[in-house]
Amino acid sequence: MIEAFDLHLQMRGRVLLAGISLAVRPGELVAVLGANGAGKSTLVRVLSGDLIPSAGQVTVAGKPLSDWHRLDLARQRAVLSQGARLDFGFTAFEVALMGRSPHVRTVETARDREIARLALRETGTEHLAERPYPTLSGGERQRVQFARVLAQIWEAPADGERFLLLDEPTAALDPAHQHLTLQIARRFATAGTAVLAVLHDLNLAAQYADRLVVLERGRLVAEGSPQEILDAALLRRVFGLDALVIPHPHLACPLVVPLGSATTASRND
Amino acid sequence: MKWALSRSTVPAAPLPLLRPLLVGTLVGLVVVGIGTGAVSLSPGQVLAVLAEPLGIVLPWQFDAQQQAVVLAIRLPRVLLAGLVGAVLATAGAAMQGLFRNPLADPGLVGVSGGAALASVAAIVLGARLPGEIGDWLGSPVALPVAAFVGGLATVVLVWRLARRDGQTEVATLLLAGIAVNALTGALIGLLTFAATDAQLRSITFWSLGSLSGATWPVLAGVAPFLIGSLVLLPTLARPLNTLLLGEAEAGHLGVDVETTKRAVIVLVALAVGAAVSATGIIGFVALVVPHLLRLAAGPDHRRLLPDAALLGAGLLLGADLIARTLAAPAELPIGTITAALGTPFFLWLLRGQMGGSSR
């Protein structure tokens with residue numbers, strides 16, 4: 001379980017996070033929603049240990065982040081950050097294989113190479129394996145990075161849980177690959193991984209997440225299952241979006257039908 | 001040699017023979033380098049001279065003069081050229097990995113300049129300062145140490161100047177290099193006013209780079225630093241690979257990012273400092289060699305760092321051979337040769353980088 005207790009973060013006089021507490025349990029996919037600048041990426045960076053909160057604490061499997069040995073943590077927890085840049089000509093396969101590095105003692109084993117290959121297959125990028133990363137398109141790069149992150153926690157450790165933090169994993173992807181990505185995240189969750197994903201697409205979140213966490217200006221303003229919390233009032237207030245929320249005709253989740261921006265009409269009312 | 005010199009970062013088909021080719025070329029250049037000069041030897045004679053102290057007698061005959069020239073002059077020079085070339089190329093590759101930028105060359109960004117400034121300061125001040133400090137600064141041991149300190153200070157300075165949020169912008173990096181090089185150049189110029197005539201000659205040597213000062217004592221003074229960094233830098237190959245993904249990403253893969261960065265910075269400063277203290281500023285080796293090898297065999301530091309050592313050694317031996325023979329009996333500063341070869345390459349690389357950054 002990943003838990004956050006009353007996280008606060010101020011940087012250069014700005015309040016980025018204000019009193020956020022949440023938990024991501026094993027087997028659960030939690031989606032973080034919020035408008036631009038609401039603090040979603042900041043939250044992921046604090047949860048992953050990249051940023052130290054001004055106050056509050058993050059624990060992974062009950063242990064504060066600072067108490068973890070970094071290699072032990074890396075063997076169980078993977079993080080997909082936003083906009084990871086790589087200008088050097090590693091092949092897609094080599095990038096995926098780097099996900100195995102916390103498990104490697106001296107040289108990658110045949111099993112490590114097999115896992116990297118499987119992770120590429122999972123994300124639909126196996127045909128790109130020998131292509132140099134800088135020659136890939138934005139969406140292809142994102143899927144290869146996703147494969148690297150999956151390869152890192154491909155196998156559950158004997159005595160521990162797995163954790164997956166995804167910051168906008170679908171940002172550069174076409175619709176089919178957005179769904180593929182979340183289906184994979186869903187499968188990892190079903191296999192016992194605690195998954196947290198920052199998403200922009202409300203319907204993706206509604207369809208795949210067990211729980212939604214909604215941020216607004218660094219505060220947690222709503223939390224619950226998609227059925228519980230997704231409604232027109234929330235979307236208008238948090239996203240400035242006029243939308244219908246109707247039951248999905250085929251799936252057991254709500255369907256958001258955006259009508260337009262609410263900002264010109266009645267924002268801040 | 002088949003270099004796939006395309007603008008793209010596509011590595012050519014894997015070259016399984018690359019390593020043997022590099023080793024063979026290096027050995028050949030060592031033998032030719034030792035045999036070439038006013039007193040010349042055939043490759044067989046070179047081998048015979050080198051084998052004799054080991055108690056092995058080879059069928060090639062040589063005379064006492066040839067033996068003396070090889071053992072007293074050529075051998076230390078060739079060893080120094082090879083070591084310095086290997087160290088510069090390896091340090092360049094590591095530094096480019098650290099900055100995540102293929103343009104991070106110790107010469108361009110000012111690290112060599114900082115090391116040279118500290119060396120010149122040690123020479124000039126060593127003669128001026130009274131007492132034990134002056135004596136120590138004037139001693140041969142002080143040079144590599146001073147160059148290391150100067151190099152370290154400049155790497156840290158450029159590191160601070162050129163990085164924003166874990167990224168190095170090409171423009172900022174090069175501008176920081178211009179600023180640092182201008183400053184060290186000016187300060188070296190200032191020190192020349194305080195220098196004697198003999199010191200002046202050696203100061204020229206610092207700024208152009210030369211292997212003419214290669215003697216056994218000089219080699220003995222810097223070899224531990226050169227060999228040390230050459231052995232230790234490749235042990236950082238795996239963390240350097242993950243650092244190319246980004247500092248946060250490397251951290252999430254279990255790499256101790258801060259320790260790795262510090263180790264690379266210290267080893268690069270050590271390597272460049274020792275190299276500069278022995279040979280002055282020899283530019284572009286550190287830029288050209290890693291880039292060619294990345295084109296040929298990809299960016300994996302586990303392959304790149306040892307290959308860079310081999311090719312860097314070969315390149316500098318070749319450049320020294322040109323420097324010694326082109327205008328014989330006069331000798332060109334080797335820095336001018338590497339600069340003449342490296343500048344067009346740098347401009348071509350810069351075009352690719354600036355064009356690619358809008359991606």
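Modeller: Two residues are in contact if their C-beta atoms, placed from the backbone, lie within 7 Å. This is a predicted model, in which local features need pLDDT of at least 70 and side-chain atom pairs count only at pLDDT 80 or more, while totals for chains, interfaces and linings use all residues. Residues are numbered from 1 along each chain as its sequence is written, and chains are lettered from A and ligands numbered from 1 in the order in which they are written.

Colleague: Which residues does A:Ala92 touch, not counting residues up to four places away in sequence?

Modeller: A:Ala92 has its place in helix H3 (residues 92-98) of chain A, where helices (H or I, at least four residues) and strands (E, at least two) are DSSP runs numbered from the N terminus. Beyond four places in sequence, the residues that A:Ala92 touches are A:Leu120, A:Thr125, A:Leu128, A:Ala129, A:Arg131, A:Tyr133, A:Leu136 and A:Val144.

Colleague: Is A:Ala92 buried or exposed?

Modeller: A residue is buried if 20 or more other C-beta atoms lie within 10 Å of its own, exposed if 12 or fewer, and partly exposed in between. Because A:Ala92 has 28 C-beta neighbours inside 10 Å, the class it falls into is buried.

Colleague: How are H4(A) and H5(A) oriented to each other?

Modeller: Axes are lines fitted to C-alpha atoms, for helices over the stretch in contact, and angles run from 0 to 180 degrees between N-to-C directions. Angles under 35 degrees count as roughly parallel, over 145 as roughly antiparallel, 65 to 115 as roughly perpendicular and the rest as oblique. In chain A, helix H4 (residues 110-122) and helix H5 (residues 138-152) have axes 8 Å apart and pack at an angle of about 130°. The relation of H4(A) to H5(A) is therefore oblique.

Colleague: How many nonpolar residues are there in the contact of H4(A) with H5(A)?

Modeller: From H4(A), the residues A:Ile115, A:Ala116, A:Ala119, A:Leu120 and A:Glu122 meet A:Ala147, A:Leu150 and A:Ala151 of H5(A). For the classes, Ala, Val, Leu, Ile, Met, Phe, Trp, Tyr, Cys and Pro count as nonpolar, Asp, Glu, Lys and Arg as charged, and the others, Gly among them, as polar. The contact of H4(A) with H5(A) has 1 charged residue and no polar ones, and its nonpolar residues number 7.

Colleague: How are H1(B) and H14(B) oriented to each other?

Modeller: Helix H1 (residues 18-35) and helix H14 (residues 301-325) of chain B have axes that come within 9 Å and cross at roughly 30°. The orientation of H1(B) and H14(B) to each other is therefore roughly parallel.

Colleague: How many charged residues does the contact of H6(B) with H12(B) have?

Modeller: Helix H6 (residues 142-162) and helix H12 (residues 257-279) of chain B pack with their axes 7 Å apart, at an angle of about 135°, which makes H6(B) oblique to H12(B). The residues in contact include B:Phe148 and B:Trp159 of H6(B) and B:Ile265 and B:Val276 of H12(B). By class, the contact has 16 nonpolar and 4 polar residues, and the number of charged residues is none.

Colleague: Which helices of chain B each supply at least two residues of the side that touches chain A?

Modeller: The contact between the chains joins 21 residues of chain B to 23 residues of chain A. On the side of chain B that touches chain A, the residues divide into 7 nonpolar, 8 polar and 6 charged. The helices of chain B that each supply at least two residues of this side are H10 (237-243) and H11 (247-252).

Colleague: What is the phi of B:Arg100?

Modeller: Most residues other than glycine have a negative phi. B:Arg100 lies in the loop between helix H3 (64-99) and helix H4 (111-128) of chain B, and it counts as buried because 21 other C-beta atoms are within 10 Å. For this residue, which is not glycine, phi is positive, near 55°.

Colleague: What is the phi of A:Glu168?

Modeller: A:Glu168 has its place in the loop between strand E7 (163-167) and helix H6 (175-190) of chain A. A:Glu168 is buried, with 21 other C-beta atoms within 10 Å. Its phi is also positive in a residue other than glycine, near 45°.

Colleague: How many residues of H13(B) are buried?

Modeller: Chain B comes to 15 helices and 2 strands, and buried residues make up 51% of its 359 residues. Helix H13 (residues 285-297) of chain B has 13 residues, and its buried ones include B:Val285, B:Pro290, B:His291 and B:Arg294. H13(B) is mostly covered, and of its 13 residues the number buried is 11.

How values were computed: Expected span 1.5 Å × (residues − 1).
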